[in-house]
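Let us take a friendly walk through one protein model. Have the sequence and the 3D view ready, and look up each residue as we come to it.

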Amino acid sequence: MKGSHMQSGTVSSNGIELFYESRGPENGEPIVFVMGLSAQMVFWPEPLLDALVDRGYRVIRFDNRDVGKSARIRKPFKQGPLVALLRYTLGLSVDSAYTLHDMVADTVGLLDALNIERAHFVGASMGGMISQLMAATHPDRVLSLSSIMSSNNSPYLPLPKPAALKTLVAPRVKVETEDQFVAFGLEMMSKLAGTLPQGRDELEAMYRECWARGINPRGIRNQFLAVLATGTLTKHLKQIRCPTTVVHGGADPLIRPAGGKASARHIRGAKLVIIPGMGHDFPPSAIDRIGDLIAETVARANSVAQPAMA
């Protein structure tokens, strides 16, 4: 990273504590990265973040509520994941401790705490849904949107492949040691892979870092219920006006490519990019392409904001 400045800490946001990290020049255009279900901020590949810092951007990532070093939400569960999933597919209400709208409010609070008026947003999976909602409901805070491996959260989308679905709804596995956690994580990621090779060494290092930062087994259920309780985002997506790129893996077994296509279809002017062979992951061979797409989306926003002189 050329001339990078790194800082991290905890801020108060929407009544809870969020842990964040910022890298790159303080006066660089901010790009906020929002991670997905049960995933700590360290799931964002370092080469992706550093490549954007090298382009002069200020790159910010954070732990969502219920993961990593951010606040953990304690509320008794009234529904198990399978019952909640059935109610969601039938169009019935799902009981949850919070919804994605609350997580949008968390993100707004983070911007406020860091004195950032407007930022470019990059979201993955559930983080893509949060970023989509952010762009729809707080258009004055979002300069551009890059939504990766996400969807419009419609119950009518194709179901995940069975092995991938089990990573969300299978009974919790008892994990007592770091090595057990790493083995569990690598097995889970293998079920989310496409045909592009995953970086096993990088994934193992990431899971060891997650263990050291602290794991929250109940967080995945809270967040899963939050996604289901929020319901379809379609009406919100139609309100998005910022430059948007939707990136999806052509071999994603969890959120099928139809999910990304649905988001792009409902966002006016959205650019859809399907990466062949990519699953619900960040294979090393796709990282440069994803970084370029994010930078292109940021550039589109800047060209709209600063039209050429006549």
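Buried means under 20% relative accessible area, exposed means over 50%, and partly exposed lies in between (1.4 Å probe, protein chains only). L92 has a relative accessible area of 44%, so L92 is partly exposed.

Before going on, please note that this is a predicted model, in which local features need pLDDT of at least 70 and side-chain atom pairs count only at pLDDT 80 or more, while totals for chains, interfaces and linings use all residues. Residues are numbered from 1 along each chain as its sequence is written, and side-chain values use heavy atoms, with hydrogens and water left out.

**A nonpolar patch**

L92 sits in the loop between α2 (81-89) and α3 (100-113). Such names follow DSSP runs, numbered from the N terminus: helices are H or I with at least four residues, and strands are E with at least two. Together with L86 and L90, L92 makes a nonpolar surface patch of about 310 Å². Patches are made of residues with over 30% relative accessible area and no salt bridge; like charges are joined within 9 Å, and nonpolar side chains (Val, Leu, Ile, Met, Phe, Trp, Tyr) within 5 Å. The accessible areas come from the Shrake-Rupley method with a 1.4 Å probe, and for residues only the protein chains shown count as cover.

**Two loop residues with positive phi**

N14 is found in the loop between β1 (6-13) and β2 (16-23). Although N14 is not a glycine, its phi is positive, at about 55°. S38, in the loop between β3 (30-34) and α1 (46-54), is also a residue other than glycine with a positive phi, near 65°. N14 is partly exposed because its relative accessible area is 41%, and S38 counts as partly exposed because its value is 28%.

**Inside helix α6**

Is L186 buried or exposed? L186 has 10% relative accessibility, so it counts as buried. This residue belongs to helix α6 (residues 178-192). Leaving aside residues up to four places away in sequence, L186 touches R200, L203, E204 and Y207, where contact means heavy atoms within 4.5 Å.

**Salt bridges**

How many salt bridges does a search of the whole structure find? The search finds 15, a salt bridge being a side-chain nitrogen of Lys or Arg within 4 Å of a carboxyl oxygen of Asp or Glu. Here are three of them.

| Pair | N to O distance |
|---|---|
| R65 and D106 | 2.7 Å |
| E178 and R208 | 2.9 Å |
| E187 and K191 | 3.9 Å |

R65 and D106 form a salt bridge.

E178 and R208 meet through their side chains. They too link distant parts of the chain, E178 in helix α6 and R208 in helix α7 (residues 200-213), 30 residues apart. At a relative accessible area of 30%, E178 is partly exposed, and R208 counts as partly exposed at 27%.

Why are E187 and K191 separated by about one helical turn? Because they are four residues apart in helix α6. E187 is partly exposed at 44% relative accessibility, and K191 is partly exposed at 33%. Elsewhere, salt bridges that share partners join E21, R23, E46, D50 and R61 into one network.
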